[in-house]
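Please read these notes with the model open beside you. They go through the points one at a time.

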Amino acid sequence: WMRTELLHGVRGLHTTYVNFPVGMDLWPIEPLNGLVSPLLPMPVVAVANLLALVHVFLTGIVGGWFGAVVSRRRGGGYGAGALLQASAFMAFTLQVGVGGLRQVWWLPLGLTCLVKARDTGLWRWFLALAAVLIGATLSCFYFGFFLGLATALYALATFLPRLALKYAVAASLAVLGELGPVRTFTATFNPDERHDDVTFERWMADVGKGPLDTFPDASVGPDELLTPRDFRK
């Protein structure tokens with residue numbers, strides 16, 4: 001969808017790929033992958049598979065950098081990178097097929113900038129932290145929220161008065177950078193928007209009828225953890 005818009009001059013968020021034939025305004029939930037896709041003259045499936053491998057690679061590399069910075073040992077970096085790259089969550093992102101979730105590397109990248117900013121007190125690391133917070137939020141709202149929460153908790157737990165202004169500037173830049181896209185995203189879920197004379201609430205209610213069993217193995221409940229044999233069935 002984003003490749004078509006970028007290459008053929010189609011503007012706006014309206015698409016008929018959802019709620020066909022009327023369509024709806026839809027925020028591109030994987031904007032980073034969508035922006036990169038026109039640079040790769042390959043079929044869509046091949047591009048998706050290649051980007052999946054790239055994200056796994058970046059997760060290992062950036063996770064390793066974070067481990068090395070925190071442990072101050074090269075071995076700590078190797079261990080952290082391998083653990084994150086081979087984690088169950090990374091495998092889940094490949095199975096579930098959500099490209100935004102595969103960009104786990106935003107989290108260790110932001111945390112590394114955060115640790116560097118606190119340890120060095122240099123403006124460039126605080127500005128880098130703000131940029132990563134913006135990038136993480138735009139790439140995957142979940143990761144933006146997690147990284148923002150982790151940043152706030154770490155800044156408070158290791159607070160230094162001399163860094164207060166720099167933290168405030170970084171937070172302000174991150175909020176300003178995210179404000180426009182977040183407002184656009186929420187506008188696409190306008191409850192007054194109609195689709196072929198059906199209100200958005202009615203449309204969502206129809207979508208939500210019945211259990212969603214698209215990925216039955218994507219999660220486990222407490223009972224399944226206690227009875228793994230039943231889960232395998």
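1. A nonpolar core is a set of buried Ala, Val, Leu, Ile, Met, Phe, Trp, Tyr and Cys residues joined through side-chain atoms within 4.5 Å. The model here is a predicted one. Its largest nonpolar core has 29 residues. Those with the most contacts inside this core are Trp106, Leu109, Phe126, Val132, Phe143, Leu147 and Tyr167.

2. Which helices each supply at least two residues of this core? They are helix 3 (44–71), helix 5 (88–96), helix 6 (106–120), helix 7 (123–139), helix 8 (141–157) and helix 9 (164–187). Helix 7 gives the largest share, eight residues.

3. Tryptophan 106 deserves a separate look. Leaving out residues up to four places away in sequence, Trp106 touches Leu32, Val132, Gly135, Ala136, Ser139 and Leu147. Two of these partners, Val132 and Leu147, are also listed among the residues with the most contacts inside the core. Tryptophan 106 has 11% relative accessibility and therefore counts as buried, since buried means under 20%.

4. The structure holds six aromatic pairs. One of them joins tryptophan 105 and tryptophan 106, and this pair is stacked, with 4.5 Å from centre to centre and 25° between the planes. The pair counts as stacked because planes under 30 degrees apart are classed that way. Tryptophan 105 is buried too, at 10% relative accessibility. Elsewhere, ring pairs link Phe89, Phe92 and Phe143 into a cluster.

5. Threonine 93 lies in helix 5. Is threonine 93 buried or exposed? Its relative accessible area is 0%, so threonine 93 is buried. Apart from neighbours within four places in sequence, threonine 93 is in contact with Val98, Leu101 and Arg102.

Definitions and conventions: Residues numbered from 1 in each chain as written. Predicted model: local features only at pLDDT ≥ 70, side-chain atom pairs only at ≥ 80, totals over all residues. Heavy atoms only, no water. Buried < 20%, exposed > 50% of the residue type's maximum accessible area, 1.4 Å probe, protein only. Helix = DSSP H or I, 4+ residues; strand = E, 2+ residues; numbered from the N terminus. Contact = heavy atoms within 4.5 Å. Phe/Tyr/Trp six-rings, centres within 6.5 Å; stacked < 30°, edge-to-face > 60°.
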